[in-house]
Amino acid sequence: MTLVRLGYVAMSMQLQNASPSKTMTFAQFSKLKDRNAAIDKLERISVTNLENCLRLLRHNVANDIKFFRFSSKLIPLANHEELSDWKFMRPLKGILKEIGDYIEEHPMRVDFHPDHFVLLNSKNKDILNQTIKTLSMHRSLLKGMRVPTVHRCVLHIGGGYDDRELALEQFIHNWALVPQALQEMLILENDDTTFHLRDALYVCEKLNVPLVFDYHHHLAHFEKEEWEEEWERVVGTWEFSPLPVKMHISSPRDEKNFRAHADYIDPRMFMDFLSKIKGSVEEIHCMIEAKKKDEALFRLMEDLKEYPEIERVDGASFIIH
């Protein structure tokens, strides 16, 4: 048997006016003639985003959800080249402490998944430097919340750049340029167009980095469809992590748009995965990547009631026998 905890991404479909990703473009910033007033506005937006994160965490606790991915768009224009003098972490100390206090009081797994422009395997030094700055910002947010930073940030390997094998080696080369404190924060996933499960395993085993298995990505892009043969290797990458194995679950929108995420999770697809891994780990955390966010989680919990091998633990977790 295996304990399964469900989580969801960034924002709730049920909470009103609780977006953690309110933003301000550089064009909007530039139109404000008083630069200090413009920075004050950026800081107010950032604080509001984090206050909404705290609302989301309270919502999660009320619904037994102990696994949550924060938005990576919490601080608009952070690390923008025209705002290099902006010390954006200073005004966030108070709200980050509040979030940290709440997480200490209500233990849960929280993490990040930076956007696709965060590329660790780029040959372009500017892109690589910007990637390291962005990762440093994520680490600063975790530190501000007093959340242990190890294995809290999932990335794709990056672009194929017309030579997949060379791009893999470029990732391994660039890894040595990443500060150790950021290396320790990172985990990697297989993607749905370029780097399949075996590619990701190659990198993760070489660098001793945990692999987040994305089941939907694998079904869309694989070298060998039978992923079960590699599951023991996937679990092995988590051997020295302080956290349970993590995977991503989403369902195709339809056959024509197979890579696109559906609003909800197909319970049969999820059970197909769970039936093959049950008993291989004591606990697994499954991040739902569905358009309907927490509503997809609640519906999935309802749908799973039909399966006799599922023993409900609370509103967002269960044991599969």
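Biologist: Are Phe213 and Tyr215 buried or exposed?

Modeller: Buried means under 20% relative accessible area, exposed over 50%, and partly exposed in between, with a 1.4 Å probe and protein chains only. In this predicted model, both Phe213 and Tyr215 are buried. Local features here need pLDDT of at least 70, side-chain atom pairs count only at pLDDT 80 or more, and totals for chains, interfaces and linings use all residues. Residues are numbered from 1 along each chain as its sequence is written, and side-chain values use heavy atoms, with hydrogens and water left out.

Biologist: How many aromatic pairs does the structure hold?

Modeller: Rings of Phe, Tyr and Trp (its six-membered ring) pair if their centres lie within 6.5 Å; planes under 30 degrees apart are stacked, over 60 edge-to-face, and the rest tilted. The structure holds 15 such pairs. One of them, Phe26 with Phe29, is stacked, at 5.9 Å centre to centre and 20 degrees between the planes. Phe26 counts as partly exposed because its relative accessibility is 28%, whereas Phe29, at 6%, counts as buried. The pair of Phe213 and Tyr215 is tilted because the planes lie at 55 degrees, with ring centres 6.2 Å apart.

Biologist: Which residues do ring pairs link into a cluster with Phe213?

Modeller: The cluster joins Phe213 to Tyr215, Trp227, Trp231 and Phe273.

Biologist: Where does the charged end of Arg299 sit?

Modeller: A charge sits over a ring if NZ of Lys or CZ of Arg is within 6 Å of the ring centre and within 35 degrees of the ring normal. The charged end of Arg299 is over the ring of Tyr264, 3.6 Å from its centre. Arg58 likewise lies over the face of Tyr102, at 5.7 Å from the ring centre.
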